[in-house]
Amino acid sequence: MTAVVTRSYPRSSQVDAVETPKIAPLAPVVGAAECAPLADGTTVRYANFDYAASAPALTAVADAVADALSTYASVHRGAGHLSQVTTRRYEECRETVRRFVRGRADDTVVFTRNTTDAINLAAHVTPGDVVVLDIEHHANLLPWIERKDKWTRIVEVTPTIDETLAAVERELASKPAALLAVTGASNVTGEVLPISRLASVAHRHGARILVDAAQLVAHRPVSLVSHGIDYLVFSGHKLYAPFGAGVLVGRADWLDAAQPYLAGGGATADVDVDSGCASVSWHTGAARHEAGSPNVLGAVAIAAACDAISELGHEWIGAHEAYLCAQLDAGLAEIEGVSPLRVFDDGLERVGIAGFTVDGFTPREVAEYLSDHHGIGVRDGKFCAHPLLDRLGHPDGAVRASFGLGSSSDDVERLVSALRHLCDHRPSDGSVRPSTATPDTRKAHL
């Protein structure tokens, strides 16, 4: 796979409006030429700014899945040729994922349904208290809260990273905890947290660390070894592999010591029933928590995405997103009434996510206007991060524009231009004109 650009990226974080280069998509994605209907009856090429919810499939991933279908068969325990081929491919996918995240040789790689499922599995096997931040996606908050007979302690973040790390350290020092569970990058603001520093704090107080990397692995290199991560989770559908699978990678001991996440075939080494009593011996390793027929194609898709991103190179991906982030930030800053969302004041690095609000319009009105009048797809609501939106002062939600490998500078300019048009035609009394927003009969997606 080859990066496609028309000139080199600027070193500055600011974009010069006079000398703005045209940045093409970095890699081909499925559906890039799809059109969207507009309110006036015409159609326009769809501009996808909803990558953080589900990224489009890379064409390389779609090709890998199509190729796997030709030899698709039952996985594990089959003597037939195609079953052997499928089983080998499935197990090779684990090794591809392990290499992609620089896992340790003895780490277990469990395929799950998605990040939420992976964190629920982690919550199932974690033997003690867990400390989390109050800015987490619900996927890295609710599974810990719902555990029975185990405590979850929530740390409120502060305006700076240093103060937040100090608060985490105080909490871990106050009482032993088994695990610190944190996001790698915010799904609301795109801000990247200092994983290595958080891991050091956790380990200093005898805790392990789990990183929710759903919004991180598609954008930045991650190493379990060099970052000191004990457990890492992510979803395929945010990694340009939207085929319904996720991953938990991490230390084997907790996974092997816990009861199986699901009871069923494949997780069992032996089952014996005698006089109405059952005796079950469970596998160790990934099989222990993968009962039933696994999502082989989902694993193939994730592995193909890992390979494609590795081939493309995170340095290109980071530069591509940094440029588009700077272009979008500069454009939004010029529009009166558009306010960006930030958790921290100390200028953290961001992935390709921009959360913002628009004065005079609800988030749903903005999203509907962009879709109905410009063919632009963004996300609106509270992004499954209700506590964070509440603490940022936006209980009714916000707008989120997110982008990635299939995005271009033309897409960003189109979004900025559409928002500028909306704000330029803002009614003086604060009402929404019918020409700029559809009726409010549709409820906001939260």
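The legends below describe an overview and several close-up views of a predicted model.

**Figure 1. Overall fold of the predicted protein chain**. The protein chain contains 13 helices and 17 strands, and its C-alpha trace extends over about 80 × 55 × 45 Å along the principal axes.

**Figure 2. Edge-to-face pair of Phe-49 and Phe-403**. The pair is one of four aromatic pairs counted in the model. The ring centres of Phe-49 and Phe-403 lie 6.4 Å apart and the ring planes meet at 80 degrees, so the arrangement is edge-to-face. The pair connects distant parts of the chain, with Phe-49 in the loop between β3 (47-48) and α1 (59-69) and Phe-403 in the loop between β17 (398-402) and α13 (409-424), a separation of 354 residues. Both Phe-49 and Phe-403 are buried.

**Figure 3. Stacked pair of Tyr-231 and Trp-254**. The two rings are 5.6 Å apart from centre to centre, with 20 degrees between their planes. Tyr-231 and Trp-254 are both buried, and the charged end of Arg-208 sits over the ring of Trp-254 at 4.3 Å from its centre.

**Figure 4. Salt bridge between Glu-290 and Arg-94**. The structure holds 26 salt bridges, and in the one shown here the closest N and O atoms of Glu-290 and Arg-94 are 2.9 Å apart. Because Glu-290 lies in the loop between β12 (277-282) and α9 (296-312) while Arg-94 lies in helix α2, the pair ties together parts that are 196 residues apart in sequence. Glu-290 is buried at 10% relative accessibility, and Arg-94 is likewise buried, with a relative accessible area of 7%.

**Figure 5. Salt bridge between Asp-134 and Arg-391**. The two side chains meet at an N to O distance of 2.9 Å. Asp-134 is placed in the loop between β5 (130-133) and α4, and Arg-391 in helix α12 (residues 386-391), so the contact ties together parts 257 residues apart in sequence. Asp-134 is buried at 14% relative accessibility, whereas Arg-391, at 35%, is partly exposed.

**Figure 6. Salt bridge between Arg-220 and Glu-349**. The closest N and O atoms of Arg-220 and Glu-349 are 2.4 Å apart. The pair links distant parts of the chain, Arg-220 being in the loop between β8 (208-212) and α7 (224-227) and Glu-349 in the loop between β13 (338-340) and β14 (353-358), 129 residues apart. Arg-220 counts as buried at 11% relative accessibility, while Glu-349, at 45%, counts as partly exposed.

**Figure 7. Nonpolar surface patch of Leu-142, Ile-145 and Ile-154**. Together these residues make a patch of about 260 Å². Ile-145 is part of helix α4 (residues 142-145) and is partly exposed at 41% relative accessibility.

**Figure 8. Positive phi values at Arg-77 and Asp-149**. Most residues other than glycine have a negative phi. Arg-77, in the loop between α1 and α2 (81-100), has a phi near 70 degrees and is exposed, with a relative accessible area of 72%. Asp-149, in the loop between α4 and β6 (152-155), has a phi of about 65 degrees and is also exposed, with a relative accessible area of 82%.

Conventions
Residues are numbered from 1 along each chain as its sequence is written. Side-chain values use heavy atoms; hydrogens and water are left out. Patches are made of residues with over 30% relative accessible area and no salt bridge: like charges are joined within 9 Å, nonpolar side chains (Val, Leu, Ile, Met, Phe, Trp, Tyr) within 5 Å. Accessible areas come from the Shrake-Rupley method with a 1.4 Å probe; for residues, only the protein chains shown count as cover. A salt bridge is a side-chain nitrogen of Lys or Arg within 4 Å of a carboxyl oxygen of Asp or Glu. Helices (H or I, at least four residues) and strands (E, at least two) are DSSP runs, numbered from the N terminus. Buried means under 20% relative accessible area, exposed over 50%, partly exposed in between (1.4 Å probe, protein chains only). Rings of Phe, Tyr and Trp (its six-membered ring) pair if their centres lie within 6.5 Å; planes under 30 degrees apart count as stacked, over 60 as edge-to-face and the rest as tilted. A charge sits over a ring if NZ of Lys or CZ of Arg is within 6 Å of the ring centre and within 35 degrees of the ring normal.
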